[in-house]
Every structure is written in structure tokens, then in C-alpha cells.
Amino acid sequence: MADLLGSILGQMDKPPSLTPKERKLRAAAKEKDKLEKANLSVIRRKIQKSITEFLNDPTLERLKLEPMDKTGRVMAHEAADIAGLNSQSCCEEETEKYVLMFKKEFLPCDAELAALRRGEVYKPSTSSQGEQTSRTGDGSPTGVVTQPPAEKRYISKYTHLLGTNSEEAIAAVANQSYGLVSSHRKRDQRSIEQTLNDIRHKKRVKSKDTEEETS
């Protein structure tokens, strides 16, 4: 058996030997792969160190990392997730993209996040609590328009249903426990007898429909 196997192996062609150029290319590829792994390890340790210093400093609200490629940003997001931080890739230019991390208690608003994704500086609006600044065609402010309270807007919107007299207006005043519609207007105004009659009528109609379907 051993002689048969030896004879078969002896008749087989030997694997082709590499040329000097191929050996050089293979060695260069191995060396490049080794350098890339070492570089990623350095980047990972640098990110972890920055996150540790960030977490240990209670005065800091956000951490901005230096621009890096997609692989580096993926590692940064993974490290932020492990550390319990929120992270966001910022800037639209690929060569200038960086990762910005936030502590849970200092998360920015959606408008600021949108601006950061575009690589812009966030400028919060000066209008608040229902105030809006109107502008002319050149963008200059012309004045402040104050919106009426929510309950007045509700009454104005549903005047055709509520009426305009004082009693209807009072009934539509907001109740903090139930929202903009008064709890009095949500209450069932029917008597007990009327409610029972309605229930009986619904049962009769349902029973009749069932009989018609089975027949």
C-alpha cells in the first residue's frame, strides 16, 4: 500500500515554484497587512484612551475625535457604544469626517444633530414658546409674531362646532388632565335607560345579521 501511494505521489507534478518577482509581491502584501493591523491597534488604543479621559472629566459634555477613514469611524462607534455614549459621524466630506461623542445627559437636539451631520455650526433659533420672527425678502427680521394660546387656537378652529357664545367657549377651555378638550364634553350625556336601550338595540341588530348570514 505504501509503495502504491509512493508511486502515485512520484508521478504527480510538483507545485509550480514562485518566481522572484512573485515572492517579492507576496512578502510586500504580508508586510502591508501587518502594518495595517498595527495601525488599527494604535488607533483603537488612542480612541479608548480619549473615551476614558472624557468619561473621567465631569466638566466635558462632548468629545470630538480627529478625522479618520471609515474603518476608524466604525471602531469609534463601537467603542462609544461599549462605553455607553452616543456617537455621530459629522461632516459630509469623506476626507474630513470625524466622530463626535456625547454623554447621555448632554444629548443635542435633532436640529443640532442635523447641522453637525452636514458639518455646519449649529445656530439655535431665537424664537421660543410660540414666537416666530417674520423676515423680508432679504432675510432681515421685520418683527415678532406671537401665536395665541393653544386653547384659543382650538376654539377658533372649531367655532363651527362649538359656537361663539360664552358657555360653549367655557366648555372648550383646556383641562390639564385631559388635553385641549374639556373632560365635561367627553362625558357620556345619556341617561342609564337610554344607554341600556342602545345596548339592547345593538344586540338585536347583531343577532339579526348573524341569523341572515347563517341562513
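Here is a short walk through this predicted model, from its overall layout to its cores and rings. Local features are taken where pLDDT is at least 70 and side-chain atom pairs where it is 80 or more, while totals for chains, interfaces and linings use all residues. Residues are numbered from 1 along each chain as its sequence is written, and side-chain values use heavy atoms, with hydrogens and water left out.

Let's begin with the layout. The protein has 9 helices and 5 strands, where helices (H or I, at least four residues) and strands (E, at least two) are DSSP runs numbered from the N terminus. Along the sequence they follow the pattern α-α-β-α-β-β-α-β-β-α-α-α-α-α. Of the 215 residues, 15% count as buried, meaning under 20% relative accessible area with a 1.4 Å probe and protein chains only.

Now step inside. A nonpolar core is a set of buried Ala, Val, Leu, Ile, Met, Phe, Trp, Tyr and Cys residues joined through side-chain atoms within 4.5 Å. The largest one has 13 residues, of which I47, I51, L63, L65, A76, L85 and M101 touch the most other members. Helices α2 (20-56) and α3 (70-82) and strand β3 (98-102) each supply at least two of its residues, and α3 gives the largest share, 4 residues. Apart from this core lies another of 7 residues, including C91, F102, L113 and L116.

Which residues have a charge over a ring? The charged end of K64 sits over the ring of Y98, 4.5 Å from its centre, and K103 lies over the face of F54, at 4.9 Å from the ring centre. The rule asks for NZ of Lys or CZ of Arg within 6 Å of the ring centre and within 35 degrees of the ring normal.

Key. Buried means under 20% relative accessible area, exposed over 50%, partly exposed in between (1.4 Å probe, protein chains only).
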